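Student: Could you walk me through this one? I'd like to ask about it step by step.

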Amino acid sequence: MDIFNVFSIIGTIAFAVSGAIVAMEEEYDILGVYVLGLVTAFGGGVVRNLLIGMPVTTLWSQGYLLKIALLAMTIAFLLPIRWILRWRRSEAFFDAIGLAAFAIQGALYATEMGHPLSAVLVAAMLTGIGGGIIRDVLAGRKPLVLKDEIYAVWAMLAGLAIGLGWFKNTIELLILFVLVITFRMLSVYFKWKLPRRSLRGAFAVSEQVRRPKMNKEDV
């Protein structure tokens with residue numbers, strides 16, 4: 001089994017279970033659990049394939065991954081509630097595993113196809129976070145990967161490292177895998193965030209100032 005398959009299996013299990021648990025949190029039925037789990041596990045790869053020129057239909061040649069995803073979601077659906085609660089407490093860790101595995105997988109696909117560094121970065125990022133974004137949108141949530149602790153940056157840095165040729169063989173890629181997980185968990189623990197600028201408060205103050213003026217004009 002080559003390194004592509006290893007990272008594909010790890011990422012598929014982590015993200016399929018993640019999507020299934022989100023579906024159960026939103027009280028979806030079993031069909032919703034399977035749909036959300038599959039979207040989480042394979043959505044990022046489909047978007048990546050569209051952008052780097054890989055046939056989207058390659059998804060159907062990954063029958064073993066579909067079976068693995070279905071098995072993982074079925075187990076998650078049947079698990080006792082206390083086990084699921086334990087998973088929720090460690091959700092960030094398993095999500096980090098999926099992020100690292102899929103980001104590296106996406107970057108490897110792009111480099112194998114001879115794409116430039118920019119494409120490798122995009123492939124790593126979208127493979128790592130694309131499924132999670134689609135999952136949150138379908139679940140009616142704001143995509144956490146765009147507003148929570150640093151997330152997508154670690155996928156891009158993994159793509160950068162592979163695109164520059166710093167990590168090539170199996171041992172080096174496994175080291176990179178561990179590094180991405182470590183930095184993602186450090187960002188969760190220390191709550192590292194990218195700079196942000198919120199306009200919600202400013203708009204609220206502006207509305208409060210405008211309303212008294214409008215009331216005076218009405219009088």
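**Confidence, crossing and a buried residue**

Tutor: The protein chain averages a pLDDT of 82, and 86% of the residues score at least 70; pLDDT is the predictor's confidence in each residue, from 0 to 100. This is a predicted model, where local features need pLDDT of at least 70, side-chain atom pairs count only at pLDDT 80 or more, and totals for chains, interfaces and linings use all residues. Residues are numbered from 1 along each chain as its sequence is written, and side-chain values use heavy atoms, leaving out hydrogens and water.

Student: Which element has the lowest mean pLDDT?

Tutor: Where pLDDT is low, the predicted coordinates should not be read in detail. Helix α7 has the highest mean, 91. The lowest, 62, belongs to helix α9 (residues 200–218).

Student: Is α6 parallel or oblique to α7?

Tutor: The axes (lines fitted to C-alpha atoms over the stretch in contact, with angles from 0 to 180 degrees between N-to-C directions) of α6 (residues 117–138) and α7 (residues 152–163) come within 8 Å and cross at roughly 140 degrees. Under 35 degrees counts as roughly parallel, over 145 as roughly antiparallel, 65 to 115 as roughly perpendicular and the rest as oblique. So α6 is, relative to α7, oblique.

Student: Is Asn-49 buried or exposed?

Tutor: Asn-49 sits in helix α2 (residues 30–52). Buried means under 20% relative accessible area, exposed over 50%, partly exposed in between (1.4 Å probe, protein chains only). Because its relative accessibility is 5%, Asn-49 counts as buried.

Conventions:
Helix = DSSP H or I, 4+ residues; strand = E, 2+ residues; numbered from the N terminus.
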